[in-house]
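Me: I've got a structure open and want to talk through how it packs. Can you take a look with me?
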Amino acid sequence: MKKLFIALSLITLTGCATVQSLPVINAYFMAKFDNNEYMLVNSVRTQANLGAAKCGTPEVVGVVDNIYYKTIELRNYSQSIPHNEETIKMSSELSEIVKGLSERYHGKEPVSLNYCTVKFSNIEKNAITIQNVIGAKPR
């Protein structure tokens, strides 16, 4: 009976040690960047990539509004992370680029097809740059 109690105690203590070491194991396998920032900028990039094909159609306004919302969300999210000045600056600049496009589409002047495609291309290129920076930075 005594040996059974000792064996069960060892198994229980070993199990506790394994649970305690999980954060260390998870830290080893976790991404070295902020997944949420990366996801938000990836969403902006994808929408800009697909939105360029909608230039000249009424659906483009919805795409522009979605991209503007995501860039504001990215900017606001990145501002709450300590020591994140580089991403804050990039996300703020990206939101200003998208704001210009949004203001054009919600203004009275018609938007040319060329302006629309160039602006979407510019947004996509900036999003790629931000993705590369976010993906390379340590947590």
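Me: What do the buried residues of α2 pack against?
Reply: They pack against α3, α4 (85-105) and α5, with contact meaning heavy atoms within 4.5 Å. This is a predicted model, so local features need pLDDT of at least 70, side-chain atom pairs count only at pLDDT 80 or more, and totals for chains, interfaces and linings use all residues. Residues are numbered from 1 along each chain as its sequence is written, and side-chain values use heavy atoms, leaving out hydrogens and water.

Me: Which residues in α2 are buried?
Reply: Glu37, Leu40, Val41, Ser43, Val44, Ala48 and Gly51. Buried means under 20% relative accessible area, with a 1.4 Å probe and protein chains only.

Me: Where do they sit around the helix?
Reply: Down the axis of α2 they fall within an arc of 145°, so they line one face. The arc is taken from the directions from the helix axis to the C-beta atoms.

Me: And what's at the start of α2?
Reply: There, a side-chain oxygen of Asp34 comes to within 2.9 Å of the backbone nitrogen of Asn36.

Me: Switching topic: how many disulfides does a search of the whole structure find?
Reply: One, counting cysteine sulfur atoms within 2.5 Å. Cys55 and Cys116 form it, with their sulfurs 1.9 Å apart.

Me: Which parts of the chain does the pair link?
Reply: Distant ones: Cys55 is in the loop between α2 (35-51) and α3 (60-79), Cys116 is in helix α5 (residues 113-136), and they're 61 residues apart. Helices here are DSSP runs (H or I, at least four residues), numbered from the N terminus.

Me: Is Cys116 buried or exposed?
Reply: Buried, at 0% relative accessible area. Cys55 is buried too, at 8%.

Key
Helix = DSSP H or I, 4+ residues; strand = E, 2+ residues; numbered from the N terminus. Buried < 20%, exposed > 50% of the residue type's maximum accessible area, 1.4 Å probe, protein only. Polar contact = N/O pair within 3.5 Å; in protein donor to acceptor, adjacent residues only side chain to side chain.
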